[in-house]
Amino acid sequence: MGAVLLSEFATEIVVPVCAVIGIAFSLVQWVLVSRVKLNPERHASGNSNKNGYSDYLIEEEEGLNDPSVVTKCAEIQSAISEGATSFLFTEYQYVGIFMVAFAILIFLFLGSVEGFSSKSQPCTYDKEKTCKPALATAIFSTISFLLGAITSVLSGFLGMKIATYANARTTLEARKGVGKAFIVAFRSGAVMGFLLAANGLLVLFVAINLFKLYYGDDWEGLFEAITGYGLGGSSMALFGRVGGGIYTKAADVGADLVGKVERNIPEDDPRNPAVIADNVGDNVGDIAGMGSDLFGSYAESSCAALVVASISSFGINHEFTAMLYPLLISSVGILVCLITTLFATDFFEIKAVKEIEPALKKQLIISTVLMTVGIAIVTWVGVPSSFTIYNFGDQKVVKNWQLFLCVGVGLWAGLIIGFVTEYYTSNAYSPVQDVADSCRTGAATNVIFGLALGYKSVIIPIFAIAISIFVSFSFAAMYGIAVAALGMLSTIATGLAIDAYGPISDNAGGIAEMAGMSHHIRERTDALDAAGNTTAAIGKGFAIGSAALVSLALFGAFVSRAAISTVDVLTPKVFIGLIVGAMLPYWFSAMTMKSVGSAALKMVEEVRRQFNTIPGLMEGRAKPDYATCVKISTDASIKEMIPPGALVMLTPLIVGTFFGVETLAGVLAGALVSGVQIAISASNTGGAWDNAKKYIE
């Protein structure tokens, strides 16, 4: 089959070293962000240097060097940070209980396969060999599930911490110019991106090596136990996304409906009681939720690839370097993203508002081009020139250049999805401008145009996903699809940096408004924020596209493991599964939307109550009660996130137990197909409406 150029020893060094470099780089960025001080004593000295820690403030407007402004920013920042931290702690307590319960379920289900026997058993795919007992698989799967869940929670929490640390600093830097503010916001996003990518890689690598001490040569059992890592990551992501999403939207709707529409005060006005809750929401939904979400996809795609590889020639012949190909791709991805980030922060400086979006777009292009080269190198040194991949019962011969194309097609499909999303959600292009234009005749036409834009924006991403599935499956069966998903997520550090940049800029604008800064500064933060809305949609595009490929790879793993050779759509069992599966995303969306609606209702009532009962609030003489609004959002989202989460987690268990694997295969396929469409259209409609509003303003 041909030897591998990279030795096992070299692989054992390369992967953790890349992960440590990623963590170190994120800490360096953190230090650079923390140089912007949140105390008012500092006066700008004469010598200006490029990164602007000692520049003169560009305009000396009235009250610009006013120490009270800085103090105000610091106060607002700590209020937002406290709100976000307390929400996440409450959420994690509830999720923790669920996590332990689900871990026990996993242990019982997997252990009971052989009646909790501790005797070795014949392997699933090669009956002549003996594998470790089912009890061991149950124990180790449960451990890796908990590892994945904790890493996911940690990713979200660290992201939220850096975002709330950086928001006021971005506001203060905006006084010096839009370029300075951009660098702070982008660096903070990079801290989150690199921490998440490196942590995810390091924990997975360490887990594999520790499990290997027990499993020895039984790689089939080892990598089956590792799959728990992906499940843990994505199940926490589900709750983070749903809980955070309900929180942020309830606060957003409540704040804007009463403040902007009824009371005619500007967005993020400090007189609005829901304004802190609104800014907290950006952090818990778009940062903590998004971080967990992308980590989940990343862990799932790595695990799916490892499982398929363990029963292919890599696993059978115990080729460790080739086996860890998915981890090598992620390692190179960290180095590529590191170079890419320097283009935004150090090699080029942004001088005008119109340069912001192109700078973020360049990040995507540079990382994709460099990563293509990176993948070629990894495939050349890390994989034999020819090998076999398990393909539903038989072994398929694959060449290393075919594997390179599988990863490459996923990577470039991600870029296409990113660009299409940008086209449909950025106010620089006609789709959003048409939506803005349609507002002239009222809200109804605006809703029609917005929905149409969302549905239309599905077309090209779906073709991109379809082509990558076709190419990767033709070349390397299910392994091809898993590594294509990994290709899409290989530049996750840059993707997350771009994504986290959005909510940080959004918060920065809110803080500028609340601290009473001049309209010049608000214009700059708005420009950063408009680009941020687009990048948030691009981030969601990546998450959706990679999730579609990962789901398909896992579906393939499930079908192989359940020993189903074909899923026949014409059998009634499968067809009803398909129809029910296609309905599930609608049911899930209905639950989450209704939760947002009822939480927003409470929020609107509370904001109205405060405006009506607190004397002097509209005149700015009295302070609103921010804490009550934060509590409404927190309570609503904690209570409402459980049913949608339970729907997703329990459906496969119930369907599989009562109706058998064929029906379950139908349900999974149906949910995958309809979920992707709803996700892309809803995400882009939302992004477009948001930017149409900014365009009109």
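## A guided tour of helix packing and buried residues

The crossing of helices H9 and H14 is right-handed. The model on display is a predicted one. To view this crossing, select residues 325–347 for H9 and residues 459–488 for H14; the two helices pack at an angle of about 15°, and their axes are 10 Å apart. Angles under 35 degrees count as roughly parallel, and H9 and H14 are therefore roughly parallel to each other.

Next, show the side chains at this contact. H9 contributes Tyr 325, Pro 326, Ile 329 and Ser 330, while H14 contributes Tyr 479, Val 483 and Leu 486. Sorted by class, the contact of H9 with H14 comprises six nonpolar residues, one polar residue and no charged residues.

**Aromatic pairs**

Phe 314 belongs to helix H7 (residues 313–316) and Tyr 479 to helix H14, so the pair ties together parts that are 165 residues apart in sequence. Are Phe 314 and Tyr 479 buried or exposed? Both Phe 314 and Tyr 479 are buried.

Across the whole structure, a search finds 24 aromatic pairs. For a further aromatic group, select Phe 98, Phe 102, Phe 145 and Phe 239, which form one aromatic cluster.

**Glu 91 and its surroundings**

Leaving out residues up to four places away in sequence, Glu 91 touches Phe 239, Gly 240, Gly 243, Gly 244, Ile 638 and Met 641. Glu 91 itself lies in helix H2, which spans residues 67–111. At 2% relative accessibility, Glu 91 counts as buried.

A distance can be drawn from this residue to Thr 341. How far apart in space are Glu 91 and Thr 341, C-alpha to C-alpha? The two are 32 Å apart in space and 250 residues apart in sequence.

**The crossing of H13 and H18**

Now select residues 443–456 for helix H13 and residues 626–696 for helix H18. These helices pack at an angle of about 135°, with 7 Å between their axes. That angle makes H13 oblique to H18. H13 passes H18 in a right-handed crossing.

By class, the contact of H13 with H18 divides into six nonpolar residues, six polar residues and no charged residues.

**Two residues with positive phi**

The last stops concern the backbone. Most residues other than glycine have a negative phi. Select Asp 268, in the loop between helix H5 (219–262) and helix H6 (275–310). Although it is not a glycine, Asp 268 has a positive phi of about 60°. Its relative accessible area is 7%, and Asp 268 is buried.

Finally, return to helix H14 and select Ala 477, which is found there. With a relative accessible area of 0%, Ala 477 is buried.

Definitions and conventions
Residues are numbered from 1 along each chain as its sequence is written. This is a predicted model: local features need pLDDT of at least 70, side-chain atom pairs count only at pLDDT 80 or more; totals for chains, interfaces and linings use all residues. Side-chain values use heavy atoms; hydrogens and water are left out. Axes are lines fitted to C-alpha atoms, for helices over the stretch in contact, and angles run from 0 to 180 degrees between N-to-C directions. Helices (H or I, at least four residues) and strands (E, at least two) are DSSP runs, numbered from the N terminus. Angles under 35 degrees count as roughly parallel, over 145 as roughly antiparallel, 65 to 115 as roughly perpendicular and the rest as oblique. A crossing is left-handed if the near helix is turned anticlockwise from the far one by less than a right angle, and right-handed if clockwise. Contact means heavy atoms within 4.5 Å. Ala, Val, Leu, Ile, Met, Phe, Trp, Tyr, Cys and Pro count as nonpolar, Asp, Glu, Lys and Arg as charged, and the others, Gly among them, as polar. Rings of Phe, Tyr and Trp (its six-membered ring) pair if their centres lie within 6.5 Å; planes under 30 degrees apart count as stacked, over 60 as edge-to-face and the rest as tilted. Buried means under 20% relative accessible area, exposed over 50%, partly exposed in between (1.4 Å probe, protein chains only).
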